[in-house]
Amino acid sequence: MAYSNKVLDHFKNPRNVGTLDKSSKNVGTGLVGAPECGDVMRLQIEVDQSSGMIKDAKFKTFGCGSAIASSSLATEWLKGKSIDEALSIDNMEIVEELALPPVKIHCSVLAEDAIKSAIKDYQEKNGINTENEGSVEGA
Amino acid sequence: MNKRHIYLDNNATTPCDPRVVETMVPYFYEHPGNAASRNHPFGWVAEEAVDYAREQIANLIEVDPKEIIFTSGATESDNLALKGVFEMYSRKGNHIITAKTEHKAVLDSCQKIEKMGGEVTYLDVDREGRINLKELEAAIKENTILVSIMWANNETGVIQPMKEIGEICRKHGVLFMSDATQAVGKIPVKPKEVGIHLMSFSAHKMYGPKGVGALFVNRKGPRVKVTAQIDGGGHERGMRSGTLNVPGIVGFGKAAEIAKKEMAQDAERVSKLRDKLEKALMANLEEVYLNGSKEHRMPNVTNLSFKHVEGEGLMMTFNQEIAVSSGSACTSASLEPSYVLVALGLGDDLAHSSIRFSLGRFTTDEEIDFAIEALTKGVSHMRDLSPIWEMYKEGIDLESIEWSEH
């Protein structure tokens, strides 16, 4: 299967690879997927407490090229966004941007899950009630 | 280093040996005859060429030329052997025994047979990838007509105990069939020596052309018959109709002749390169595991798992230069990893991390050096990116984590 140039670019030069201090109050960590399924994504955000904006994002991914590209792209998009803006990122935007074929759509779903999971972690750590917003499950 | 392409996927298909191609060329235009045209020289020349090739192939596996039935490839041969025996011997019984690690051509034929009213036992394999002989013997029943066990596995290269299986089949009066596609032409394969009655193999796995294969069908003690699955002009002694692929068969014959002559030296050279690759990767990298038996396997194959690295992603780090295969099935809709590796008892995670290297006649020492370097770099790159490698390094027990299955 041929990959799009954008997938290849993110795969060869992944953006924002790394680890943030997960014990920090400003950091939210999302770990999704499972080794048995061949995909594990860890996505972290660091939020500027005064402005509420995401000032840094890092990832590490175990998976195929599309999974790595999806998470790399997600970190690029997250930086500089507010939490609400970040929550509105839809997996189909990732599919379009990277021109993922149908068999790889699950990679984009996983990236969206990772974003939501990282935000949820941040909100829980900071006692932010998300119940009324209804955008995060089981808050 | 210049842009290059290194082919370490010879179990998928082998390049056609230039000597084979040369032999085939006249049979496209100069000698265009149909081997079944009995009344003019064009037909006679074609028939003679086919007969000669049949002898070359029979000679390689030490059988009678009359016992070779030409087909379009090993998949067709597997279908013909299994379904053909099932139909032909339906009065004797309807039970077939095979193994979980067989090629899809065998497994899917067996499933079809089950739909047609047959009964199939799928034997487990051990950690080494080999069947248990006691389990095989215990599985044989009154109504068992056939045991189908491959000679060498396509993914792991693991070789089954053919002689012992043959003895059990003889003792119980059951036919023994083997898909020997990965073995013929690369290691000595003599079906009569081990008591095989039907055997599938293919030209394109032994440096011959694609689109031509054969089924060996034993003619004496016992005389085995299969019901044709393709009906028509009654070619190949009624077992497989259809105009013979003369250039393909000529190439198949030449490939067999070369294999007979060069097999021993090829195997020795290639196994040294394979061992070098395997040892270097295990020395350069941590947490590398060999899948399948080290002792009972093909000289040209190694199947390795690189822990906490996903196979398809790893392949992407070097697939512009090096061609290999992965047991990860990230491309398939099912997302399930190799059923062969899972049958060996590997966890799904290790199966997703596997790479099959299959070397061949044209693999060079320099290519192996290049592959060692590229793999070492690729695995390191992927581990730098891998959250589970990081956790493993921090001493976190991955089993203790509640993963979100998806």
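## Domains of chain B

The centres of domain 1 and domain 2 of chain B, taken over C-alpha atoms, lie 30 Å apart. Domain 1 of chain B covers 6-11 + 263-400 and domain 2 covers 18-258, with bounds that come from an automatic or database domain assignment. This is a predicted model, in which local features need pLDDT of at least 70 and side-chain atom pairs count only at pLDDT 80 or more, while totals for chains, interfaces and linings use all residues. Residues are numbered from 1 along each chain as its sequence is written, and chains are lettered from A and ligands numbered from 1 in the order in which they are written.

Where the two domains meet, 22 residues of domain 1 of chain B and 22 residues of domain 2 of chain B take part in the contact; two residues are in contact if their C-beta atoms, placed from the backbone, lie within 7 Å. On the side of domain 1 of chain B that touches domain 2, two or more residues come from each of helix H8 (246-284), strand E10 (301-306) and helix H10 (339-343) of chain B. Helices (H or I, at least four residues) and strands (E, at least two) are DSSP runs, numbered from the N terminus. H10(B) gives the largest share of that side, three residues. The classes on the side of domain 1 of chain B that touches domain 2 are nine nonpolar, ten polar and three charged residues. Here Ala, Val, Leu, Ile, Met, Phe, Trp, Tyr, Cys and Pro count as nonpolar, Asp, Glu, Lys and Arg as charged, and the others, Gly among them, as polar.

## The four-stranded sheet of chain B

Strands E9-E10-E13-E12 of chain B, in that order, form an open sheet of four strands with antiparallel pairing; two strands pair if DSSP finds at least two bridges between them. Its edge strands, E9 (288-290) and E12 of chain B, each pair on one side only. E9(B) is joined to E10(B) by three antiparallel bridges, with Tyr289(B) opposite Ser305(B). H8(B) packs on this sheet and touches E9, E10 and E13 of chain B, its direction making about 10 degrees with that of E10(B). Axes are lines fitted to C-alpha atoms, for helices over the stretch in contact, and angles run from 0 to 180 degrees between N-to-C directions.

Strand E13 (residues 354-358) of chain B is largely enclosed by the rest of the structure, because five of its five residues are buried. A residue is buried if 20 or more other C-beta atoms lie within 10 Å of its own, exposed if 12 or fewer, and partly exposed in between, with C-beta atoms placed from the backbone. In a regular strand the side chains alternate between the two faces of the sheet. Ser354(B), Arg356(B) and Ser358(B) point one way from E13(B), while Ile355(B) and Phe357(B) point the other way. Five antiparallel bridges link E10(B) and E13(B), and Asn303(B) has Arg356(B) as its bridge partner. On E12 (residues 325-326) of chain B, which is joined to E13(B) by two antiparallel bridges, Ser326(B) stands opposite Ile355(B).

## The seven-stranded sheet of chain B

A second open sheet has seven strands in the order E2-E8-E7-E6-E5-E3-E4 (chain B), with mixed pairing. Strand E2 (68-71) and strand E4 (119-123) of chain B each have a single partner strand, so one side of each is left without a neighbour in the sheet. From one strand to the next the twist averages 20 degrees. Strands E6 (residues 175-179) and E7 (residues 198-202) of chain B run parallel and are joined by three bridges; Asp179(B) is paired with Ser200(B) in E7(B).

Pro161(B) sits in the loop between strand E5 (144-148) and helix H6 (162-172) of chain B. Pro161(B) counts as partly exposed because it has 17 C-beta neighbours inside 10 Å. Beyond its neighbours within four places in sequence, Pro161(B) is in contact with Arg130(B) and Leu133(B).

## Helix H5 of chain A

Helix H5 (residues 105-125) of chain A has 21 residues and should span 30 Å at 1.5 Å a residue; its end C-alpha atoms are 31 Å apart, which agrees. The expected span is 1.5 Å times one less than the number of residues. Buried residues of H5(A) include His106(A), Leu110(A), Ile115(A), Lys120(A) and Tyr122(A). Among the elements of chain A that cover the buried residues of H5(A) are strand E1 (27-34), strand E2 (39-47) and helix H2 (65-78). Gly127(A), with a positive phi near 60 degrees, follows H5(A).

## Contact between the chains

Chain B contributes 26 residues to the contact and chain A contributes 25 residues. Helices H9 (311-318), H11 (348-352), H12 (365-385) and H13 (387-393) of chain B each supply at least two residues of the side of chain B that touches chain A. That side of chain B has ten nonpolar, nine polar and seven charged residues.
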